[in-house]
Amino acid sequence: MTTTSRPALGAPAARIESREKVTGAARYAADHTPPGTRYAWPVPATVAKGEITAVRTAAALSLPGALAVLTHADAPRLSPDAEPDLAVLQSPQVSYRGQIVALAIADTLETARAMAAAVEMEYARQPHDVTLTEDHPGLHTPEQIGVGDPPDRVRGDAEAAWAAAPVRIEATYRIPPLHNHPMEPHASVAVWEGDRLTVHDSNQGSTRVQQTLAGLFGIPPEQITVISEHIGGGFGSKGTPRQHVVLAAMAARHTGRTVKLVLPRQCLPAITGHRAPTIQRVRLGADRDGRLTSVCHEVVTHSSTVSEFVEAAAISTRVLYAHPASRTTHRVTLLDVPVNSWMRAPGECPGMFALESAMDELALAAGLDPVELRLRNDTATDPDSGLPFSSRHLAECLREGALRFGWHDRDPRPAVRRQGPLLTGTGVAAATYPARAVPSTAEARVEPDGSTYTVRINASDIGTGARTVLAQAAADTLGVAMDCVRIQIGRSDLPAAPLAGGSHGTASWSWAVVKACRALLDAIPRGGTSATADTTDDINAAEGKYAQQAFGAQFAEVQVDTETGEARVRRLLGVFAVGRVLNPRTARSQLVGAMAMGLSMALLEDSHLDPAFGDFAERDLASYHFAACADVRGIEAHWIDEDDPHLGPLGVKGLGEIGIVGTAAAIANAVHHATGVRVRDLPLRPDTLL
Ligand code: MOS
């Protein structure tokens with residue numbers, strides 16, 4: 001045991017599991033292959049809407065090594081209360097193209113895949129519609145767009161205020177469907193021993209997977225163990241339990257074997273959620289000094305007919321700037337599309353592309369510097385709830401970012417910085433994301449040696465460094481060096497904890513870890529050796545007093561080749577106010593990664609629902625392009641010291657998502673500054689810049 005005098009919290013500690021990861025010793029779900037494992041391969045529907053009228057499996061089952069083909073006719077029955085998206089193989093109805101309609105199981109992966117190809121399905125087709133338009137006849141208003149968020153919010157007479165504003169803009173922005181595509185595809189290895197189910201699964205939170213499987217299979221959660229030690233990314237697509245884990249458990253039950261199912265990459269877009277496309281009309285009105293008098297942000301988006309999820313793109317607009325009158329609305333068309341869901345900063349990310357592009361247009365209309373325009377519209381209270389912010393340092397982020405980036409004496413004129421065929425420009429955008437914590441439990445224990453501690457909590461490390469940061473939080477609370485703490489996460493038989501999502505993981509888990517460690521320190525003098533904590537009451541008591549948001553400012557420099565229309569991002573620089581940063585190394589990695597994803601969204605990521613066939617045209621990494629290393633030149637992420645006493649015990653706001661918010665707008669604004677071309681439809685394509 002080595003000890004160090006270095007404080008654990010705030011240290012740039014390397015990931016505890018880094019050696020395992022770089023040497024390939026870390027085992028992800030699909031790396032588990034117990035002896036006798038069988039393999040499953042899904043069969044996707046080839047119609048977008050209809051009913052299965054015939055299934056022929058004889059050819060598939062005649063292949064050597066074939067074990068079974070599960071279909072709606074013979075698959076194990078799930079609870080009738082199953083979430084519609086998870087009620088897989090329960091009915092002959094097809095609601096979107098790519099829906100899994102059968103599962104082939106065999107001795108080898110190759111045989112399972114060959115079987116899947118040999119399964120023949122007949123369908124009675126029904127007409128389908130997958131095309132989102134502004135004036136779709138099926139538009140409706142959702143009942144709510146998130147926890148407690150109404151779809152529509154109207155304050156004052158925003159229409160009249162806009163019409164009367166001396167400076168105003170109106171613009172419509174469009175973002176296509178986007179796909180999460182984590183590096184590690186969704187995978188499960190399942191086995192039943194009697195009525196006990198054990199699953200190695202790739203997810204963002206295995207407590208919820210365990211509870212969901214218990215409901216689906218009608219057994220107590222204690223009879224299910226979900227193990228998720230290492231996760232290769234999720235970006236929201238593994239936040240809720242997905243069909244792969246249900247299918248693996250069904251196949252294991254049906255065959256009495258250990259069954260491994262790794263979703264093929266081509267299945268991910270249809271099965272694991274996507275960011276729904278949005279059409280966003282923004283109207284901003286301001287007085288001659290650039291102070292907003294009216295903010296209107298109207299969002300049109302789609303949702304699947306299977307279960308409703310609304311890409312709540314106008315919610316950040318309610319909280320970001322001071323404004324006396326506003327109108328923010330969401331309209332949803334239910335289409336025959338795959339189920340859409342969370343993708344990194346759902347709502348905030350697409351919404352802030354529109355709002356922060358519009359703010360750039362307003363700055364030009366008002367003759368104001370875009371940083372100055374944002375500073376003039378800063379607010380100490382949340383315009384939506386009327387609550388004071390627990391802390392708000394947007395202005396500080398903008399000022400520090402401007403300084404670090406070299407924004408001063410920027411010539412606002414577009415299309416004047418030319419070197420040969422190259423035009424350069426710079427742009428800025430603000431960012432915000434809610435700072436939440438949700439209830440969690442944890443346990444802390446001192447080992448018999450009296451100097452080693454074990455902390456147990458079912459947190460998930462999806463590549464973020466969560467395991468490391470929680471060990472730091474525990475060591476800090478216990479007053480010991482980090483290597484005196486053993487941290488156990490990633491199993492559903494550990495104390496229950498929320499998923500890694502909504503940027504609330506670290507804030508939620510660290511709260512429970514600190515509470516358990518403090519309770520242990522209290523217990524030790526009385527002979528105690530372990531303590532548990534539950535933060536439900538603490539979090540409920542803290543709620544509703546403050547508006548809690550993280551903030552940031554994003555700066556971009558682009559270079560556009562006027563001969564090819566190619567836009568290159570030369571520099572991205574973000575400054576964030578995210579509460580206390582527990583580990584600068586993993587925090588920087590989160591922020592830089594999210595900014596790279598925002599760059600990717602701005603320049604490359606694009607998906608199309610094929611109107612004739614009803615499926616996504618881009619289903620693999622050859623056709624769905626995202627940023628590669630060569631696209632990402634210099635990305636810098638900085639933060640300001642933010643001490644917020646109104647959050648949990650460590651003052652954490654969370655930072656998994658804010659880095660993607662505003663990035664695409666900063667880039668599009670820089671492209672306008674470079675070229676004079678305003679790109680309102682993502683991604684930025686060369687043909688639009690020529
Ligand atoms: Mo994130 S989209 O909440 O996993």
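**Close-up views of a sheet and its helices**

**View 1. The pairing of strands E3 and E5.** In this predicted model, Val69 has Ala104, a residue of strand E5, as its bridge partner. Strands E3 and E5 run antiparallel to each other where they pair, and 5 bridges join them. Helix H5 (residues 206–217) also packs on the sheet, where it touches strand E11 (196–201) and strand E12, and its direction makes about 145 degrees with that of E12.

**View 2. The open sheet of 7 strands.** The strands follow the order E3-E5-E1-E13-E10-E11-E12, and their pairing is mixed. Because E3 and E12 (224–227) stand at the edges and each has a single partner strand, one side of each is left without a neighbour in the sheet. From one strand to the next, the twist averages 20 degrees.

**View 3. The buried face of helix H3.** Within helix H3, which spans residues 109–118, the buried residues are Thr111, Ala112, Met115 and Ala116. Viewed down the axis of H3, these buried residues fall within an arc of 140 degrees, and they therefore line one face of the helix. In an α-helix, residues three or four places apart point the same way, because there are 3.6 residues a turn.

**View 4. The surroundings of helix H3.** The buried residues of H3 pack against strands E1 (38–44), E3 (66–71) and E5 (100–106), and also against helix H2 (58–61). Helix H3 lies across E1, E3 and E5, and it runs at about 25 degrees to E1.

Methods. Residues are numbered from 1 along each chain as its sequence is written. This is a predicted model: local features need pLDDT of at least 70, side-chain atom pairs count only at pLDDT 80 or more; totals for chains, interfaces and linings use all residues. A residue is buried if 20 or more other C-beta atoms lie within 10 Å of its own, exposed if 12 or fewer, and partly exposed in between; C-beta atoms are placed from the backbone. Helices (H or I, at least four residues) and strands (E, at least two) are DSSP runs, numbered from the N terminus. The arc is that of the directions from the helix axis to the C-beta atoms. Two residues are in contact if their C-beta atoms, placed from the backbone, lie within 7 Å. Two strands pair if DSSP finds at least two bridges between them. Axes are lines fitted to C-alpha atoms, for helices over the stretch in contact, and angles run from 0 to 180 degrees between N-to-C directions.
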